[in-house]
Structure formats: C-alpha cells, structure tokens
Amino acid sequence: MTHPVVQETIKLILAGDVAGAEHALVAIADEEGDDALVAILDEIPPKDLLAMMREFDASRESVINMVVSPAQFARAVILEQKYRDRTHEALRGMINAVVHANGDMAGEYLEAIGEIDGGYDTFANYFADRFEEVLHFAMTGEFSETMPESSMENKSITWLAEKVDEIDEALNLGDSISDTQPRVTRAEASDGDWMETAWVLRHEHPDIFEQVIILLRDRMQRFAEQAAIAIQNPPTENSEPGELEESAI
C-alpha cells in the first residue's frame, strides 16, 4: 500500500514546493525512523527524488541525502543530464553530498551509478571541468598540483589530438589504465569532491573508471574533430550559437 506521504510529496514538487516535499519526508524519518523513509523513497519517482536532492549539497545537508540507498540514488542522479546544466555544478554537489557523506559506502554508490544505463555519461559530466586532471591521474596514478580547472573549449585542437593519442597508447599497452594502482592514498586524495571520487573509482572499481576515461577520450576526439570542421567552415549569420559545444559536450 502506498504511503500517503508519497502522493503528498509528488503534489508538492509539482507545485514547486520542493522544500515542503523534503520537509514532509523528514517528518516521516522523525516519526517512523530512517528505515521507513528508505522504503518510502522506493515509491517516489526518480525525477521527483532528483528534484529534492538538487536542492542540497555538502554545504546544505538533507536527511534524504543521508539515507537514500545506492540504487535509489543512481536511478535519480542519471536524470541530471536532462537539465542540460553545462557547468554540472548541481550534479557534482549531489554526488559529493551523498557519496562522501557516506564514506564507508562511497564505492557502493559509485558502483550503482556505473552499472546503470547512462552512468558512464553521468561520471563524464561530473568530471567535465576536471577532465585534464582526471586523465593525468589515469595515466600516472598521481594528481597534479599545477593543473587549473578547465574545459575542452579552452584546449587547442592539437592538444586534444595529442592527449587522445596518449590515452590510446596507454589503453593498447599490455597493462591497461585500470591495472595501475594509484600512487597516492585515499587520505591524500580526500577532498570530498572530484579527486576522492576519482580515487575510489580507480581503486575499487577500475573497470568503471577505465570506461569513463574512454568516454572522456571519445568526447575529446569528437570535440577536436568538430572544432576542426568549424575552423574550415566559419559560422554565418544564420548559424545557431553554441552548436559545437552542445553537440560535443
């Protein structure tokens, strides 16, 4: 039997009262316990669960973020890409708030995302502004202290092509990227953000990590190819702005 709060929550979210929906669920946890809330979250559509979780990050905690199961979280978080948020700040905030708030279970949450359809794309979006540093970590097992936050749009076609070749060479060697263990400890990578996420993926789920690296590699190649085409065919007055970035990233 569906709990009455489920319909109440859905109606509140539909009305735009996300805070009210979250408050109604928190009240259940207070009255009936966290286990009751976890059971109720199973009945809430992933898109509605996502709407609530998007309101919170590591700086604004929510009971929902603390009790949501790996499977429930994965089903909701992969829908984030439908918001078409180019910065992916909300995505990073949600993953950090849930995954790193449950440190001992971080690997389980990341595994659940990686195993669901769309999970690799979710990770690639999460690492979008740190792709250069994540690739460096994949190739060397270490994090660079000198690489600034960047995006593919800021890289030259030559740089992107060379990086693609480096990744291809590493993947084609006898030992793949996933076979090389990190040269830093988790404590050294413990930032509660992208660095720790990359470390846990590589250390606990190397197959998922390698697939994410391959996806980032494919995005770089596609972006470089489309950038080259754009140079050969400059935009006209009738061109739609942002076509390159939208299709590549």
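Analyst: What follows covers a charged patch, a helix and a leucine.
This is a predicted model, in which local features need pLDDT of at least 70, side-chain atom pairs count only at pLDDT 80 or more, and totals for chains, interfaces and linings use all residues. Residues are numbered from 1 along each chain as its sequence is written, and side-chain values use heavy atoms, with hydrogens and water left out.

User: Which residues gather in the patch of negative charge?

Analyst: Asp 30, Glu 31, Glu 32, Asp 34 and Asp 35 do, on the surface; a patch joins residues with over 30% relative accessible area and no salt bridge, like charges within 9 Å, where a salt bridge puts a side-chain nitrogen of Lys or Arg within 4 Å of a carboxyl oxygen of Asp or Glu.

User: And which helix gives the largest share?

Analyst: Helix 2, with three residues; helices are DSSP runs of H or I, at least four residues, numbered from the N terminus.

User: Is Asp 30 buried or exposed?

Analyst: Asp 30 counts as exposed because its relative accessibility is 64%, given that exposed means over 50%, buried under 20% and partly exposed in between, with a 1.4 Å probe and protein chains only.

User: Switching topic, how many residues of helix 7 are buried?

Analyst: Nine of the eleven residues in helix 7 (89–99) are buried, and their cover includes helix 8 and helix 12 (194–204).

User: What does Leu 110 touch?

Analyst: Leu 110, in helix 8, is buried at 0% relative accessible area, and its contacts (heavy atoms within 4.5 Å) include Val 99, Phe 123 and Leu 201, leaving aside residues up to four places away in sequence.

Methods: Patch = residues over 30% accessible without salt bridge, like charges linked within 9 Å, V, L, I, M, F, W, Y side chains within 5 Å. Areas by Shrake-Rupley, 256 points an atom, 1.4 Å probe, with all protein chains shown as cover. Lys, Arg positive; Asp, Glu negative; His and termini not counted. Charge placed at Lys NZ, Arg CZ, Asp CG, Glu CD. Helix = DSSP H or I, 4+ residues; strand = E, 2+ residues; numbered from the N terminus.
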